[in-house]
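Good morning, and thank you for coming.

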Amino acid sequence: MTLVQMLNSIAFLRLPLGWLLLSLPLAAQGATALSIANTPTSATATDGQFISWQEHRIDDSQLGALELSGSDGLAMADLDLDGFEDIVSVHESDTVYDGKPIGHVRIAWGSSNPHDWTLTTLAAGHEAAAAEDVSIADANGDGFPDVIVAAELAHLIYFENPGKDARTETWRRVIPPITTERGSYIRAFFADLDGDGHPEVVAANKGDQNPELDETQRLNLSFYLLPDNPLNGLRWREQVLGKVRIPINSQPFDLDQDGDLDVVAGSRGEARILWFENTGNLEFVEHPIRARGLADNIRTTGFNMDYADLDGDGRTDIVASAGRQLIWFKAPKQYSESWQASVIGSFTPDVLVSVRLADIDADGDMDAFAGAYSRGPRDQDGPEITANDAIGRIAWFVNPGPELATQRWQRHDISRRKRGMYDKWLARDLDHDGDLDFIGTRGNSAPFDGVIWLEQVRSPTSQAAFKPARQIESQQMSLPSSSLP
């Protein structure tokens, strides 16, 4: 295609000439490829404005004077009831995944200003050993949200909110003995499974911190019944939902839309997802999620999933990562039937680990925001890492609307660094400007690990896709030519 033809193309009419020149094939530019971050965005909202992203730091080693690394789960709630949501985040705090019992649980206290956070440490060291996941709910019925943390080394730990002075008072905590010496907890969720107003704790335990597949070993997907005073750790009771090889997720969600919480689970060892139907009185029936329509080499473990009725048929669908692909599992009319699976889009050569469904472009349907996992060194940019390797990437996919059943979703890449693991995203209009931003964690990139938020920026002309928070950072990369959208 010649330059004249490009200028006459509808897709380029609104791009400034400088960006057009940068969009030419590399041979025409006589230069190396632009990084994803510096590439002009082509994403637009329904108001016709272009969408780009500005990164902001919330918590990291430089802001908090701690050696934070391996940042994983996070959850948000108004912990001190001051009208502003706070962030509880967990950090494995290692760079080599070596089984050392260290870790951090942190709180970023919110305010009216999304750039102003007060940072405190809720737990560190052995009690937060390889902290992996977190959930928030009022477990003791005093009106203030409490915290449960899953630690890979290797227990659950419950924190009781002290009340209105939660920012300054010590939070009492307990490691229930029934959860110790069990191996690595990878997920923990508060969930009121029986509808009595008091939550249970649903948890997945994968065994070792970095387990090898054992064809014979099956480990528990469980929930724990809490006493009226959850600090009485001796009175926690376990009820097993089921057993799978290397449990990797156990997420409460009302999948069958009957008004109670079911549990959607994932098995890494069996590369499958399943769900437990809540039939009342804390009894559950296990159902496989059998998928049709996928290539044999595409399999999902259910490590991260999100849920929505994507096609408006009144049934809740599942979106999950499957290696380098993002998959839509369309719910059948009867949940005993197989689910129709289709590929939303590809992250090749990068490995997807997170997804969050949200209406990013404000057109009334759910788009997908996703992050990838770098597989190189965690504490330095390895010179051997190239654009062809699996590295840290952020992108989002546009829901095609009425063509949902027949079209792949258009991918808009945001950032691609040599290092980064983006395990969890929460969608919020954090700056109150009418569009959705994303709060997330970043790991695999010490000393840059921590909690970030990505501000959605709307502009009348195309801007670079991503503006980083730091000048000195892990190297931004382009895509291999074979992986362009």
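A residue is called buried when its relative accessible area is under 20%. By that cut-off Glu55, with a relative accessible area of 2%, is buried. Please keep in mind that this is a predicted model.

A pair of aromatic rings is described by the distance of the centres and the angle of the planes. In this model there are 12 aromatic pairs. Consider Trp53 and Phe369: their ring centres are 5.5 Å apart and their planes stand at 65 degrees, so this pair is edge-to-face. Trp53 belongs to strand 1, residues 50-60, while Phe369 belongs to strand 24, residues 367-373; the two are 316 residues apart, and the pair links distant parts of the chain. Both Trp53 and Phe369 are buried.

A second pair, Tyr422 with Trp425, is stacked, with 5.7 Å between the centres and 15 degrees between the planes. Tyr422 is buried at a relative accessible area of 0%, and Trp425 is buried at 1%.

Let us now return to Glu55, which is located in strand 1. Which side chain does Glu55 join through a polar contact of 2.9 Å? The partner is Arg417. Beyond its neighbours within four places in sequence, Glu55 is in contact with several residues, including Arg442, Trp453, Phe466 and Lys467.

Side chains of opposite charge can pair when their charged atoms come close. The structure contains 29 salt bridges. One of them joins Asp60 and Arg470 at 2.7 Å, N to O. Asp60 lies in strand 1 and Arg470 in the segment after strand 30, so this bridge ties together parts that are 410 residues apart in sequence. Asp60 and Arg470 are both buried.

Another salt bridge, between Asp381 and Arg419, has an N to O distance of 2.6 Å. Asp381 is partly exposed, with a relative accessible area of 24%, whereas Arg419 is buried at 5%. Finally, salt bridges with shared partners join Glu55, Arg57, Asp60, Arg417, Arg442, Arg470 and Glu473 into one network.

Conventions:
Residues are numbered from 1 along each chain as its sequence is written. This is a predicted model: local features need pLDDT of at least 70, side-chain atom pairs count only at pLDDT 80 or more; totals for chains, interfaces and linings use all residues. Side-chain values use heavy atoms; hydrogens and water are left out. Rings of Phe, Tyr and Trp (its six-membered ring) pair if their centres lie within 6.5 Å; planes under 30 degrees apart count as stacked, over 60 as edge-to-face and the rest as tilted. Helices (H or I, at least four residues) and strands (E, at least two) are DSSP runs, numbered from the N terminus. Buried means under 20% relative accessible area, exposed over 50%, partly exposed in between (1.4 Å probe, protein chains only). A polar contact is a pair of N or O atoms within 3.5 Å; within protein, one must be able to donate a hydrogen and the other to accept it, and residues adjacent in sequence count only if both atoms are side-chain atoms. Contact means heavy atoms within 4.5 Å. A salt bridge is a side-chain nitrogen of Lys or Arg within 4 Å of a carboxyl oxygen of Asp or Glu.
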